[in-house]
Amino acid sequence: MDFSFTDEQSMLRDTVASYLADHYAFDARRAAIRSEAGWRPEVWKAFAEELGILGAPFSEDLGGLGGGPVENMVVMEEFGKALVIEPYMGTVVIGGGFLKHSGHAAAPDLIEKIIGGEAIFAFAYAEPQARYTWQDLKTTATKDGTGYVINGQKAVVIGAPYATHLIVTARTGGGQRDAQGVSVFLVDKNAKGVTTRDYPTVDGQRASEITFENVSVGVEALIGPEGHGLPLVDKVMDEAIAATCAEACGVLRRLQEGTVEYTRTRKQFGVPISSFQVLQHRMVDMFIQLEQSISMTYMATIRLSDEAPARAQAISAAKVQIGKACRFVGQNAVQLHGGMAITDEMAIGHYFKRATMIEGVFGSTDHHLARYEALSFGKAA
Amino acid sequence: MNLDFSPEDVAFREEVRTFIAENYPKDLRAKQDSGEPLSKDDYLAWHKVLAKKGWVAPSWPVEHGGTGWTPTQKYIWSEEQARADTLAVLPFGVNMLAPVVYTFGTEEQKKTFLPGIYNGEVWWCQGYSEPGAGSDLASLKTKAERITGDDGKEYYIVNGQKTWTTLGQFADWGFFLVRTDPDAKPQAGISFLLIDMKSPGIEVRPIITLEGGHEVNDVFLDNVKVPVENRIFHENQGWTCAKALLAHERSGIAGVARSKRGLERLREMATTELSDLGGPLLADAFFKRKVAELEIDLTALEYTELRTLAGESSGKGPGPESSILKIKGTEIQQRLQELALEAAGHYGAPFLHNLGHNANIGPSYADGVAGDYFNGRKTSIYGGSNEIQRNIIAKMVLGL
């Protein structure tokens, strides 16, 4: 039993934290999300060149730092604390995950580009008709000679406006919601037939609606086995969810600590409002939610190496805890700050917005409760 | 015990329903449907129709323009307005200030101010909260010093800052709580002043909220000169007016009829949205259960409000029990916003505020649900936070 971090992992955390302290103040972030680009390529460049963190979860053979899920967890937790918008999740966790686990021929080359900050990925999986069941796909990839032709529409693709590459789920067979027939493709964002409609999201990111109209790709675009891509998608999704939980822990910590600090300085009725027992108990409950979330994030991250059903169950359990904590801690942080938290001027409201959106990222609390129930009690239960 | 409407009530409901259908301004309806921002005139369009009809202020005493309706008729009126998604008449003049004027004002003040409120000619805003005085409103610091002007008349010179002034950017006049005796106990040194917002020295600055909207403002007062006759009630006894006003603010806050309409909209949305299993979201066992629980909670609140109304008709004013309506009413509104955001799924994320209307990204019902959720957190904070409301019940009702 050991929950401690290695020296390398602690160093990674310190490196990220200290860079963000210098370059990711609330005002700098706000200026970036309001800018036309919506993000800061120079920050991304610094992640690649100055900090070298874009290689955190890749093996040393591939030019990485030799880490894995725990390194992603460390980075994402620090990112959560600063509300980082740059596309580590889409690029390193998800793009890198698909390349790493599929053994794709181009993986070493593309991972090198990820580590160097040149290749940026966005994961186009959601579709307008689908909720959180990621095999619910209307997008099709039809065999055409040696390659495929992709047609369909993808919804709310986070980070797509700044991506160079898209990872796209599409049907090469089976019915709309079948487990069989799911394939994963790597598509150049500038490929002919790809059109995007970009917009900001409520939590300061950018996303796109993407239409694929007769997009021709070669056979090398296929990632993983044709028609049997779902287990790979599940695995990468579970890694992405674990990393999201880690991000949430960073967000929740800021919400919880920020609230304690605020109530100590805010005076009403001649005393700091932190002296009211009803608020103290509320803050204790927020703290408990944070601690439980950290525990579940560690558990989920460690169990990413389990076989599929056990892994999925652990991940869904963690996401349920995180979803509930995001709502409780987020809402109460706002309540205890009063009207101030609802203004655009104060950071706390922005943490609240991110916490709220994390509830739905890669599946809502209800979705993961249902997934957990199915895995724990069987489908019939 | 009887829950049935009398034949007169049924006829009244028909009359009201027909009136709304025939007279609700068409352009306003179109703007509401498309989600376009409303202008000052838009906010007042329905108010003016109602003023002409004589239905702006059902709860006022008849001699000042009230309708003399029974509690059941008032209930029907609010139900029908919510059912038709009418824009609510702005509360600042009609529901907040007017009861203070007709209860505590002089005859002269009633004559001067009530008609403008009634007819929607004067837009009022509220100057209560300050950066340092929120839940502890009585600690307010904006001070008013009495002087004799060069013209030999008496004035107050007002200095300070007010905050959270809703729609203050449109206001012609404001009602303000100011400190006139800095040495008295907090509640004892406050006066209730009516201030022309065009007075020199007033500056209204927008506060942009999380969803990107501009609804609330800071109001700065720098040596603002206010004639003494604009004070309501006695000097240093403004707290009495404020307390009466807060009770009225609470009683309207349950929003039962609006929440019922919100539930209908949620059901519509969840009938169109698909669940993880592919059928309508409303058929999803988890979601359906949550909607059912909320409906039951709202039914309980509805009957609690009806009991309060029945009590009022037998002569009791809105008492401390109205805090129940505020707490439960806002919790239910917030729960509705949570479920709407959940129902929207992925399309809760896009922020289309600056892309204009009909951006055609995701279903139209999903546009703005996240913003409503974020902004809706204010309801458990304003009008006396829900923690303060619980203190009121603990103290005034339970005697703790």
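**Entry 1: helix 11 of chain B**

I began with what covers the buried residues of helix 11 of chain B, and the cover includes helix 10 (347–358) of chain A together with helix 10 (322–344) of chain B. I took contact as C-beta atoms, placed from the backbone, within 7 Å. Helices here are DSSP runs of H or I with at least four residues, strands are runs of E with at least two, and both are numbered from the N terminus.

This is a predicted model: local features need pLDDT of at least 70, side-chain atom pairs count only at pLDDT 80 or more, and totals for chains, interfaces and linings use all residues. Residues are numbered from 1 along each chain as its sequence is written, while chains are lettered from A and ligands numbered from 1 in the order in which they are written.

Which residues of helix 11 of chain B are buried? I listed Val369(B), Ala370(B), Gly371(B), Tyr373(B), Phe374(B) and Gly376(B). That is six of the eight residues in 369–376, so the helix is largely enclosed by the rest of the structure. Buried means 20 or more other C-beta atoms within 10 Å of the residue's own; exposed means 12 or fewer, and partly exposed lies in between.

**Entry 2: the A–B contact**

I looked up the contact next. Chain A gives 35 residues and chain B gives 36. On the chain A side, helix 10 of chain A has the largest share, four residues. By class, that side has 14 nonpolar, 14 polar and seven charged residues. Ala, Val, Leu, Ile, Met, Phe, Trp, Tyr, Cys and Pro count as nonpolar, Asp, Glu, Lys and Arg as charged, and the others, Gly among them, as polar.

**Entry 3: helices 4 and 8 of chain B**

I checked how helix 4 (residues 71–83) of chain B packs on helix 8 (residues 256–272) of chain B: the angle is about 30 degrees and the axes are 8 Å apart. That makes the two roughly parallel, a label for angles under 35 degrees. Ser78(B), Glu79(B), Gln81(B), Ala82(B) and Arg83(B) of helix 4 meet Ala257(B), Arg258(B), Lys260(B) and Arg261(B) of helix 8. I noted two nonpolar, two polar and five charged residues in this contact.

**Entry 4: chain B overall**

I found twelve helices and eight strands in chain B. Its radius of gyration is 22 Å, close to the 21 Å that the globule rule gives for 400 residues, so chain B is as compact as a globular protein of that length. The radius is taken over C-alpha atoms, and the rule is 2.2 Å times the number of residues to the power 0.38. Of the 400 residues, 42% count as buried.

Terms used: Contact = placed C-beta atoms within 7 Å. Axes fitted to C-alpha atoms, helices over the stretch in contact; angles between N-to-C directions. Parallel < 35°, antiparallel > 145°, perpendicular 65-115°, else oblique.
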